[in-house]
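I opened this notebook page to record what I looked up in one structure. The entries follow the order in which I consulted it.

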Amino acid sequence: SDSMNLPCVGVSSLEALAYNVKLIDKFESNFSGLVCSLIDCGNCNCYYALYKFEDGVCNTVVEPCSDSIENALVSLSSYSDIVFIGDGCITYRNEILSKFPNCLFADDNLLNSYSLGIAGLELYQKSLDKNFSDILPLYLKKPQAQRQLEMKLGISDEN
């Protein structure tokens with residue numbers, strides 16, 4: 001909550017991005033299916049998560065994580081009929097199609113405030129019985145400067 005004691009919820013960028021499917025004409029607001037949010041982070045690496053929408057309600061199937069695109073696609077290999085969304089599905093389109101030839105690609109690949117708002121509202125409604133005071137940022141990977149410092153100091157807690 002903030003200084004005015006208003007409740008708030010934290011929404012990951014990947015989850016908010018998945019909500020774009022509700023805004024795309026070829027899907028419906030009560031969309032049911034799997035959505036993989038995929039954000040390119042360079043050097044064949046990505047941030048990704050898998051969500052399942054059931055009658056428009058989003059549930060996490062694969063928690064947000066960071067990995068190479070190759071490992072990400074292997075971790076998703078037991079799923080089918082996935083809609084890929086995010087700039088990563090543009091960058092890695094060929095790699096995705098080689099593993100998931102029947103997948104769909106969303107047209108709206110940019111995070112937007114409307115999808116973030118929908119995700120936040122739905123998460124808030126699901127979490128009414130929880131304490132909202134412990135919202136902290138979730139970093140999937142340590143900043144490069146911190147990783148370089150730890151490497152220099154010989155600390156090997158790789159994230």
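**Entry 1. A bridge in the sheet**

I began with Cys-36, which stands opposite Phe-84 in S4. I took helices (H or I, at least four residues) and strands (E, at least two) as DSSP runs, numbered from the N terminus. Two strands pair if DSSP finds at least two bridges between them. S1 and S4 pair in the parallel sense over 4 bridges. I also noted Val-35, whose bridge partner in S4 is Val-83.

**Entry 2. Basis of the model**

I noted that this is a predicted model, in which local features need pLDDT of at least 70 and side-chain atom pairs count only at pLDDT 80 or more, while totals for chains, interfaces and linings use all residues. Residues are numbered from 1 along each chain as its sequence is written, and side-chain values use heavy atoms, with hydrogens and water left out.

**Entry 3. The chain as a whole**

I found 6 helices and 5 strands in the protein chain. Along the sequence they follow the pattern α-β-β-β-α-β-α-α-β-α-α. Of the 159 residues, 35% count as buried; buried means under 20% relative accessible area, exposed over 50%, and partly exposed in between (1.4 Å probe, protein chains only). I looked up the contacts (heavy atoms within 4.5 Å). Residues 24 or more positions apart account for 54% of the contacts with a separation of 6 or more. The protein chain exposes about 9,700 Å², and carbon and sulfur atoms supply 51% of it. Accessible areas come from the Shrake-Rupley method with a 1.4 Å probe; for residues, only the protein chains shown count as cover.

**Entry 4. The sheet and its hairpins**

In what order do the strands of the open sheet stand? I read the order of the 5 strands as S3-S2-S1-S4-S5, with mixed pairing. Strand S3 (57-68) and strand S5 (104-105) stand at the edges with a single partner strand each, so one side of each is left without a neighbour in the sheet.

I then followed S1, which is mostly covered, with 6 of its 8 residues buried. S1 and S2 run antiparallel and are joined by 8 bridges. Ser-37 has Ala-49 as its bridge partner in S2. The hairpin of S1 and S2 has 4 residues between the strands, and in that hairpin Gly-42 takes a positive phi near 80°.

S2 and S3 pair in the antiparallel sense over 9 bridges. Leu-50 has Val-62 as its bridge partner in S3. Their hairpin has 2 residues between the strands, and Asp-55 takes a positive phi near 50° there.

**Entry 5. Nonpolar cores**

I defined a nonpolar core as a set of buried Ala, Val, Leu, Ile, Met, Phe, Trp, Tyr and Cys residues joined through side-chain atoms within 4.5 Å. The largest has 19 residues, and those with the most contacts inside it are Tyr-48, Leu-76, Ile-82, Phe-84, Ile-96 and Phe-100. At least two residues of this core come from each of strand S1 (33-40), strand S2 (45-54), helix H2 (69-75) and strand S4 (82-85). Another core, of 18 residues, lies apart from it and includes Tyr-19, Val-35, Phe-53 and Val-83.

I also checked Ile-96. Neighbours within four places in sequence aside, Ile-96 is in contact with Leu-38, Leu-73, Phe-84, Gly-88, Cys-89, Cys-103 and Phe-105.

**Entry 6. Two single residues**

Is Ser-68 buried or exposed? Ser-68 counts as buried because its relative accessibility is 19%. Ser-68 lies in strand S3 and, neighbours within four places in sequence aside, is in contact with Cys-44, Asn-45 and Cys-46.

I found Glu-28 in the loop between helix H1 (13-18) and S1. Glu-28 counts as exposed, at 54% relative accessibility. Not counting residues up to four places away in sequence, Glu-28 touches Val-21 and Lys-22. The C-alpha atoms of Glu-28 and Gly-56 are separated by 8.2 Å, although these residues are 28 residues apart along the chain.

**Entry 7. Leu-149**

Last, I looked up Leu-149, which lies in helix H6 (residues 144-153). Leu-149 is partly exposed, with a relative accessible area of 49%.
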